[in-house]
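Please go through the sheets, the helix packing and the salt bridges of this model. Keep the cut-offs in view.

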Amino acid sequence: MFVIHLSLADFRSYAHVEAELGPGVTVFTGRNGQGKTNLVEAVEYLATLGSHRVAADAPLIRMGAARALVRGRVQAGVDDARQLLLEIEINSGKANKASLNRGPLKRPRDLLGALRVVLFSPEDLALVKGDPSDRRRFLDELLTQRWPRMAGVRADYDRVLRQRSTLLKSLSGRRGPVPAEADATLEVWDDTLAGLGADLMAARLTTLADLGDPVAAAHADIAPTNNLATLAYKAATVEEPLADAAQLAPDELRGRLRAAMGERRRDEIARGVSLVGPHRDDVVLGLGDLPAKGYASHGECWSFALALRLGSDAVLRADGVSPVLILDDVFAELDEVRRARLADRVAGAEQVLITAAVAGDVPKALHGRRFVVADGEVTTDDEEP
């Protein structure tokens, strides 16, 4: 799978740009602030409907414009000439719109699955050093690429969670018993949230189990010292991390979530927040016998973060999809050993998109077409790397 043409209008810094891409390696170079990352961010957005740089869509629209347009033509593979035209219209103050092969889609998330990417960026250090929310987001984005229907489950879970939390907040600080009407409403929200939460947790556990061996293998390839990298799921409803996805089936997960909500009902009302569910879970990253967070060095954190992305690539490949690999300003953050080992691992991908401020930061193993990005223009670099 690879993008053969990218078209942007009023996206980030670009009033308009057309970029001819293709299989193999493409490198975008230029000084910081010229728009290199904006190009690969657009490819990421087509695949995931999100950005690794911002949580909201508003910054993606060029200042003064009412909307941004991202269009990409995608080919199924080097040996598969089938093509799709993907288009997203990002609107300010109203719902976004999406189309596939010029046909409007009911919802933008119906575009998910048409293009799949694995993106490496300096922000990936947060996967190891950051909060549980960073690791939850990483896992949820991967499982949504694997099973696009999970985007709907995640959206429904978030909606019910907001409604339930609003009700809990309205009851917080109340003296005496909960009114019968509010109690009945909470029972409905509990049942719905437990069902959606169980679906989400089951997908997370399955994906984490599939990630385990590829992440360990990638870490062994990248790290100068090969401490074993491990992954385990830490559910807020279970004392110990869950290392085996088969430990809890969806029905059991639902039962545990529902029971935990009942047990913590008084605490939730007192605090006015939802204390039970996958929105409070974490992924425990282990390095040898120690947790990576708080114990791993800066270089070890980088090795683990890269291994998580390479593991994601392996999982998607095992599902029968060769994703686009995006390396956004990564090589400047790595020492020579990790640069070379990462380059060796990604060189054979169908498409690799790389951004770098300095062309010399990109290992020679990743030679391919090169573009220079400057003053809002993308031009071919005719000089040999």
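## Basis

This is a predicted model, where local features need pLDDT of at least 70, side-chain atom pairs count only at pLDDT 80 or more, and totals for chains, interfaces and linings use all residues. Residues are numbered from 1 along each chain as its sequence is written, and side-chain values use heavy atoms, with hydrogens and water left out.

Helices (H or I, at least four residues) and strands (E, at least two) are DSSP runs, numbered from the N terminus. Two strands pair if DSSP finds at least two bridges between them.

## The six-stranded sheet

Six strands form an open sheet in the order β2-β1-β4-β5-β6-β7, and their pairing is antiparallel. The edges are β2 (14-20) and β7 (103-104). Each has a single partner strand, so one side of each lacks a neighbour in the sheet.

Strands β5 (residues 80-91) and β6 (residues 97-100) are antiparallel and share four bridges. Leu86 has Leu100 of β6 as its bridge partner. Ile88 faces Ala98 in β6. The β5-β6 hairpin has five residues between its strands, and Gly93 there takes a positive phi near 85°.

Next comes the β6-β7 pair, antiparallel and joined by two bridges. Here Leu100 stands opposite Gly103 of β7. Two residues lie between the strands of this hairpin, where Asn101 has a positive phi near 50°.

Helix α1 (residues 36-48) lies across β1 (2-11), β2, β4 (67-77) and β5. Its direction is at about 110° to β1. Such angles run from 0 to 180 degrees between N-to-C directions, with axes fitted as lines to C-alpha atoms, for helices over the stretch in contact.

Arg62 and Asp10 form a salt bridge, their closest N and O atoms 2.8 Å apart. Arg62 sits in the loop between α1 and β4, and Asp10 in strand β1, so the pair ties together parts 52 residues apart in sequence. A salt bridge here is a side-chain nitrogen of Lys or Arg within 4 Å of a carboxyl oxygen of Asp or Glu. The count by this rule is 29 salt bridges.

## Helix α5 and its partners

Helix α5 (residues 180-222) packs with helix α8 (residues 298-318) at about 130°, axes 7 Å apart. That makes α5 oblique to α8. Oblique covers what is left after roughly parallel (under 35 degrees), roughly antiparallel (over 145) and roughly perpendicular (65 to 115). Contact means heavy atoms within 4.5 Å.

α5 also packs with helix α9 (residues 336-346), at about 135° and with axes 9 Å apart. This pair is oblique too. Ala217, Ala218, Asp221 and Ile222 of α5 meet Arg338, Arg341 and Arg345 of α9. By class, the contact has three nonpolar, no polar and four charged residues. Nonpolar means Ala, Val, Leu, Ile, Met, Phe, Trp, Tyr, Cys and Pro; charged means Asp, Glu, Lys and Arg; the others, Gly among them, are polar.

## The three-stranded sheet

A further open sheet has three strands in the order β9-β10-β11, paired antiparallel. β9 (229-234) and β11 (290-291) are its edge strands, each pairing on one side only. Two bridges join strand β10 (residues 282-287) to β11, and Gly286 stands opposite Pro291 in β11. α5 packs on this sheet, touching β9 and β10, with its direction at about 170° to that of β9. α8 lies across β9 and β10 as well, at about 125° to β10.
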